[in-house]
Amino acid sequence: MSGNVQLLSDTLAAAKSEGHAALIAYLPAGFPTVTGGIEAVKAALDGGADVVEVGLPHSDPVLDGPVIQTADDIALRGGVRIADVMRTVREAHEATGKPILVMTYWNPIDRYGVERFTAELAEAGGAGCILPDLPVQESALWREHAAKHGLATVFVVAPSSKDARLAEITAAGSGFVYAASLMGVTGTRESVGAQAEDLVRRTRTTTDTPVCVGLGVSNAAQAAEVARFADGVIVGSAFVKRMLDAPDDAAGLEGVRALAADLAKGVRGQA
């Protein structure tokens, strides 16, 4: 079975044709439970997200700040496994028809087996993977299997990336380019900053692949700011924080749905 890289590309293209950026939400699998995590992904999509990144919880999430680390710890203590991540992708995609990616560090895939992981992700209806710590020059095996199974390979670029490095990364990637808005870890920020706009501009000189910006976006105003210059706006910690701060699971889901609706207005210039 082939994965849904084309659905991802079509979704981003549709947003562009409508004159706005896509809203991409991030939520970790297994948080607060496996079933609760699936419902949270569905709530984000129902609220207005165009795409969701499902995080594969990791004990040493180097790109993630304290909010996502807290959620990952809850998921890991709950016993979440890669099979639960695949279940999350499958059930969310089947319920909504929207593209679902997995965001993961390389070690779990390496231990699980690249062929096994890509085959199962494609079978679950996944659209691809975001791999923040996989160096492009060491990615040939992954990219071979991802391409075979119809999965996007999304690499991360940063403000520190030199132009030659950007060209190397974008030539190897597919689906979209994840532009980290700043140097540091995930988390909400007071402002996203001019670094992100400059990074998007430089990245676009190397590729026609959509460039989506993440790290620091937490409200509709910031989403609208980033949507002016990016093809997609990625929001993670703000969704997780809504769930962590909620008095119960139902309130957490409603918080996720409401935030997605607010952010969707932001990326569409309706905030």
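## Largest pocket

The lining of the largest pocket splits into 8 nonpolar, 3 polar and 2 charged residues. Here Ala, Val, Leu, Ile, Met, Phe, Trp, Tyr, Cys and Pro count as nonpolar, Asp, Glu, Lys and Arg as charged, and the others, Gly among them, as polar. The 13 lining residues include Leu 56, Pro 57, Val 80, Ile 82 and Pro 108, which lie nearest the pocket centre. The space inside is about 240 Å³. Helix 5 (106-112) and helix 4 (82-96) each give at least two lining residues. Helix 5 contributes the most, with 4.

A pocket is an open set of points on a 1 Å grid over the protein atoms alone, where a 1.4 Å probe fits, with protein on both sides within 12 Å along at least five of seven lines; lining residues have an atom within 4 Å of a point. Points are joined across faces, edges and corners, and the volume is the space filled by probe spheres set on them.

## Basis of the model

This is a predicted model, in which local features need pLDDT of at least 70 and side-chain atom pairs pLDDT 80 or more, while totals for chains, interfaces and linings use all residues. Residues are numbered from 1 along each chain as its sequence is written, and side-chain values use heavy atoms, without hydrogens or water.

## Strand 3 and its neighbours

Helices (H or I, at least four residues) and strands (E, at least two) are DSSP runs, numbered from the N terminus. Two strands pair if DSSP finds at least two bridges between them. Strand 3 (residues 100-103) runs parallel to strand 2 (residues 51-55), with 4 bridges between them. Val 52 has Ile 100 as its bridge partner in strand 3. Strand 3 also pairs with strand 4 (residues 128-130), again in the parallel sense, over 3 bridges. There, Met 103 stands opposite Ile 130.

In a regular strand the side chains alternate between the two faces of the sheet. Both faces of strand 3 are covered. Ile 100 and Val 102 are buried on one side, Leu 101 and Met 103 on the other. Buried means under 20% relative accessible area, exposed over 50%, partly exposed in between (1.4 Å probe, protein chains only).

## Cysteines

There are 0 disulfides, a disulfide being a pair of cysteine sulfur atoms within 2.5 Å. Cys 129 is in none; the nearest cysteine sulfur, that of Cys 212, is 16 Å away. Cys 129 is buried, at 0% relative accessibility. Cys 212 is likewise in no disulfide. Cys 212 is buried, with a relative accessible area of 0%.

## A cis peptide bond

Phe 31 and Pro 32 are joined by a cis peptide bond, with omega about 0 degrees. Pro 32 sits in the loop between strand 1 (22-28) and helix 2 (34-47).
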